[in-house]
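Reader: I've got a chain to look at and a few things I'd like to ask. Could you walk me through it?

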Amino acid sequence: MLALGHGARRLHISAAYRAKAKVSMSRFEPSSFISYEKLQSNVDIVRKRLNRPLTLSEKIVYGHLDDPHNQEIDRGRTYLRLRPDRVAMQDATAQMAMLQFISSGLPRVAVPSTIHCDHLIEAQIGGAKDLARAKEVNQEVYNFLSSAGAKYGVGFWKPGSGIIHQIILENYAYPGVMLIGTDSHTPNGGGLGGICIGVGGADAVDVMAGIPWELKCPKVIGVKLTGTLSGWTSPKDVILKVAGILTVKGGTGAIVEYHGPGVDSISCTGMATICNMGAEIGATTSVFPYNHRMRTYLEKTGRAEIAAVADEYSDLLVPDQGCEYDQIIELNLDELKPHINGPFTPDLAHPVSEVGAAAQKNGWPLEVKVGLIGSCTNSSYEDMGRAASVAKQALDKGLKCKAQFTVTPGSEQIRATIERDGYSKILGDVGGVVLANACGPCIGQWDRRDVKKGEKNTIVTSFNRNFTARNDANPATHAFVTSPEIVTALAIAGTLNFNPETDYLTAPNGEKFKLEPPNGDELPSKDFDPGQDTYQHPPADGSSLKVNVNPQSNRLQLLEPFDKWSGNDLENMQVLIKVKGKCTTDHISAAGPWLKFRGHLDNISNNMLIGAVNSENDAVNKIKNHLTGEYGGVPDVARHYKSMLHWSPGIWEGDVTYSAPQPDFLISSETNLKKQGLLPLTFNNPSDYDKIRPDDKISIRGLKSFAPGKPLTAVLKHSDGTEETLQLNHSFNETQIQWFQAGSALNRMKEMQH
């Protein structure tokens with residue numbers, strides 16, 4: 001039951017809607033309530049303290065402060081202690097999060113939480129067969145997550161339910177909510193006016209344990225939208241353009257807040273698309289102000305009561321007049337053209353009209369081998385309708401896709417509704433294969449067989465990421481990101497060198513014709529068809545239930561506590577790898593086939609840094625073992641060091657370290673590293689990175705007087721006998737230093753229970 005707190009009044013999801021849409025009351029936990037009154041109270045306290053107008057981002061973030069009276073607030077500097085409303089976990093990351101929660105010894109989660117089975121389903125043949133195979137292959141993991149959810153009070157969305165972010169938008173996001181999710185595209189919920197942030201599993205465990213969650217006070221980048229979207233231009237083009245402006249690092253440490261008169265021309269699900277892909281510019285999250293588009297979406301998804309209360313508190317759910325942003329970007333939607341970004345990076349932006357020429361100039365393959373639509377970014381009813389409207393025009397002229405074409409519905413509700421309304425048939429008739437309601441090719445869960453590994457080719461997707469080898473594990477695949485309607489048009493044309501705004505297609509009878517701009521209803525006129533009921537509600541009391549993990553399993557492994565800090569400086573650490581170039585989460589811990597080991601700490605360690613480029617030889621996963629002189633894979637050499645140097649896996653920087661030229665990965669998962677008892681540090685002088693040699697021994701000094709704001713020192717011992725001393729900066733606060741000293745945040749949590 002979802003209840004809304006508003007003074008003494010409580011509103012409930014109507015029985016009429018539940019009956020009509022087959023939505024079980026069990027989906028909405030009794031403890032899940034919205035208190036706009038509490039949010040308003042906190043915002044009033046903070047506004048009085050700061051004595052200035054607040055951005056929408058600030059209202060929602062500061063509205064969730066644990067101590068609004070005394071919290072130090074300085075954008076970009078201080079750490080905020082927050083009380084999020086809800087936690088959501090996808091099945092790959094939920095395994096470790098639930099294993100950590102189990103080891104905490106707590107009986108039940110403290111906030112409403114859900115697990116969503118979307119990552120472990122491999123796309124191969126088609127939706128039904130792929131889902132059946134996934135249930136068989138992943139039975140052990142699904143059983144673990146289902147039973148752990150039941151025991152500890154976590155809702156469980158079964159495989160086939162849909163992608164976590166789409167399920168959240170349809171069921172759990174609402175204006176003003178603060179939700180954390182163990183997936184980087186959690187910001188999708190900003191399309192419904194919430195602050196939804198992607199975090200590591202350790203952060204989720206903190207919130208589930210009822211501990212205040214820490215977030216560095218974000219800066220706020222304002223994107224002012226004017227004009228109106230029209231023709232071939234879609235919401236996806238807004239974020240593709242913004243990514244081109246800000247680049248993959250431009251949003252780091254900031255919330256991107258959209259505002260201005262142009263907002264009203266974008267559908268609620270379109271706003272979600274824009275927020276979703278904000279992860280690609282490094283943003284903490286993105287958010288839109290509450291408006292009539294959100295109200296309509298809430299009503300269509302059975303949450304009219306939420307919309308009614310949001311209307312009453314609408315001033316709380318929009319930015320204050322005169323608020324100040326750290327940076328402003330202005331975008332005129334009247335002038336925005338359809339974009340396509342790539343290859344190999346989501347911020348290489350091209351207008352669709354220019355990408356063909358860019359491909360010819362750069363030697364990118366012009367032939368489109370596969371077009372893929374859907375994913376958590378673009379699988380709304382509107383997206384599917386616009387893609388179908390393009391496909392139908394081709395079919396009416398006797399044309400089908402020249403490229404392979406796949407369709408990934410975002411949820412069971414979307415799948416059932418587009419099937420009922422005929423979109424699925426149109427997309428199938430033009431050559432599309434409907435895949436399971438899951439992440440699939442977007443995250444590398446794609447058993448692709450039409451090209452060989454290493455074969456140069458082009459694919460076009462409506463996904464969010466297109467880093468090297470992400471979708472199909474082929475480093476020679478040139479992946480481009482665009483809107484579903486442009487993907488459909490390019491799949492029909494079969495070439496990048498096609499601009500649907502100006503170019504003609506040729507029908508089988510020789511007739512030349514131009515595609516008309518796509519159109520699609522924002523929401524279904526007949527309401528949504530929820531499809532099959534795929535939600536498992538936890539029992540009121542799961543204390544008597546058992547969660548079994550087979551000690552012989554290669555998929556799941558109960559956790560042993562990490563060792564505490566020894567009390568000494570870290571001396572003579574061997575460099576494991578010095579990384580060259582870009583070092584993203586994909587390089588650090590590859591996904592795809594490795595997802596199956598996300599619940600087994602020892603086995604998942606076998607993918608550590610296997611995608612990173614070694615500066616010593618420009619090779620991937622080939623580093624020198626300085627104990628033997630031989631070359632081997634990164635995990636293999638690390639294991640050898642561990643066995644020979646007796647290094648503790650709890651603080652693996654304690655005996656072996658790695659360094660990368662850009663601290664991007666530290667910024668994106670810095671708190672999560674700290675929670676594992678690790679020591680993320682950055683160079684005071686970035687050029688000091690060049691002083692580190694692959695065979696160096698490094699000592700970290702100053703840990704006995706480790707304190708906030710006080711730099712540490714690194715002593716480099718080179719093999720020629722010379723030494724150099726570098727200053728290393730950190731962002732640890734007092735609480736985080738206690739995590740390091742205890743060996744992990746989980747260890748510290750246990751210390752505090754006794």
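Reader: What percentage of the 754 residues in the chain is buried?
Author: This is a predicted model, where local features need pLDDT of at least 70, side-chain atom pairs count only at pLDDT 80 or more, and totals for chains, interfaces and linings use all residues. Numbering runs from 1 along each chain as its sequence is written, and side-chain values use heavy atoms, with hydrogens and water left out. Buried means under 20% relative accessible area, exposed over 50% and partly exposed in between (1.4 Å probe, protein chains only). Of the 754 residues, the buried share is 60%.

Reader: How many disulfides does a search of the whole structure find?
Author: A disulfide here is a pair of cysteine sulfur atoms within 2.5 Å. Take Cys 275: its sulfur is too far for a bond, because the closest cysteine sulfur, in Cys 196, is 8.6 Å away. The search of the whole structure comes back with 0.

Reader: Which cysteine has the sulfur nearest to that of Cys 217?
Author: Cys 217 counts as buried, because its relative accessibility is 1%. Cys 217 is in no disulfide, and the nearest cysteine sulfur is 14 Å away, in Cys 323.

Reader: Is Cys 275 buried or exposed?
Author: The relative accessibility of Cys 275 is 0%. That value is why Cys 275 counts as buried.

Reader: Over which residues does pLDDT stay under 50, with 59 contacts beyond four places in sequence?
Author: pLDDT is the predictor's confidence in each residue, from 0 to 100. The chain's mean is 89, with 92% of its residues at 70 or more. Where pLDDT is low, the predicted coordinates should not be read in detail. The stretch you're asking about is residues 1-26.

How values were computed
Contact means heavy atoms within 4.5 Å.
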